[in-house]
Amino acid sequence: MAKVVADISMSLDGFVTGPDAGPDRGLGRGGEPLHAWVASDHEVDRRMLREVAEAPGAVVMGRRLFDVIDGPHGWSDEMGYGARHAARPPFFVVTRSAPEKVRLDLDFTFVTAGLAAAIEAAQAAAGDRDVFVMGGGDVIRQCVDTGLADELIIHLSPVVLGGGTPLLAGCHRRRLVQRDVRTSPTATHLTYAVHTG
């Protein structure tokens, strides 16, 4: 069966956004350096971006992240998932209710039965390709904490934000095994296998 991969950028002090993140400021105050690797021309960053853009057969996200990317300061149809690669996998949004309208011309399915149901639907759509969980932070935390993720990729940005949205706060004890490390001036890309024991 294909893997479920939780994939997110994080600061050195464990935050995936700066303070005051919301639909008009997705990365919060001062959070832009978290995604500097996405715009980097360094070969390591370009290769990593290409891999995470092309790998998924489907992508899962939370409603708050959807509201950011579908908002007026979010993605465009030309520059979306995978930045310059603008991949167009089907997206499954974990939410209590579907929005009244969607701005982007992408394949969004709104799942109201919870994260596990969204992942199950994404797996069915992905076929033999991986399912990527792109965030936000709470959705990634739940995937790791409940063992829904097989793998965790963290793009560790060399910045200390001092506050914002923490990634793994409140998780139960869990053992991860480091599988891959790649470095560039803008990020250390860390891949872990997530164990359920």
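**Ground rules.** I number residues from 1 along each chain as its sequence is written, and my side-chain values use heavy atoms, with hydrogens and water left out. Because the model is predicted, local features need pLDDT of at least 70 and side-chain atom pairs count only at pLDDT 80 or more, while totals for chains, interfaces and linings use all residues.

**Entry 1: the cores.** I looked up the nonpolar cores, meaning sets of buried Ala, Val, Leu, Ile, Met, Phe, Trp, Tyr and Cys residues joined through side-chain atoms within 4.5 Å. Buried here is under 20% relative accessible area, exposed is over 50%, and partly exposed is in between (1.4 Å probe, protein chains only). The largest core has 29 residues, and Val60, Leu115, Ile119, Val133, Ile140, Leu152 and Leu167 have the most contacts inside it. Several elements supply at least two residues each, among them β1 (4-11), β3 (56-62), β6 (130-135) and α5 (137-146). I take helices (H or I, at least four residues) and strands (E, at least two) as DSSP runs, numbered from the N terminus. Which helix gives the largest share of this core? That is α4, with five residues. I also found a second, separate core of 25 residues, which includes Trp37, Leu65, Ile69 and Leu106.

**Entry 2: Leu167.** For contacts I count heavy atoms within 4.5 Å. Beyond residues up to four places away in sequence, Leu167 touches Ile8, Met10, Gly14, Val16, Gly137, Ile140, Arg141 and Ile154.

**Entry 3: helix α5.** Is α5 mostly covered or mostly uncovered? It is mostly covered, with seven of its ten residues buried. Those are Gly137, Val139, Ile140, Arg141, Cys143, Val144 and Asp145. Just after α5, I noted that Gly147 takes a positive phi of about 80°.

**Entry 4: His155.** This histidine is found in strand β7 and counts as buried because its relative accessibility is 1%. Its side chain makes a polar contact with the side chain of His189 at 2.8 Å. By polar contact I mean a pair of N or O atoms within 3.5 Å; within protein, one must be able to donate a hydrogen and the other to accept it, and residues adjacent in sequence count only if both atoms are side-chain atoms. Leaving aside neighbours within four places in sequence, the contacts of His155 include Asp7, Trp37, Met48 and Thr188.

**Entry 5: Thr17.** I found Thr17 in strand β2 (residues 15-17). Thr17 is buried, since its relative accessible area is 9%. The side chains of Thr17 and Thr165 make a polar contact at 2.7 Å. With neighbours within four places in sequence set aside, Thr17 is also in contact with residues including Gly26, Leu34 and Leu161. The C-alpha atoms of Thr17 and Asp105 are separated by 26 Å, and the two residues are 88 apart along the chain.
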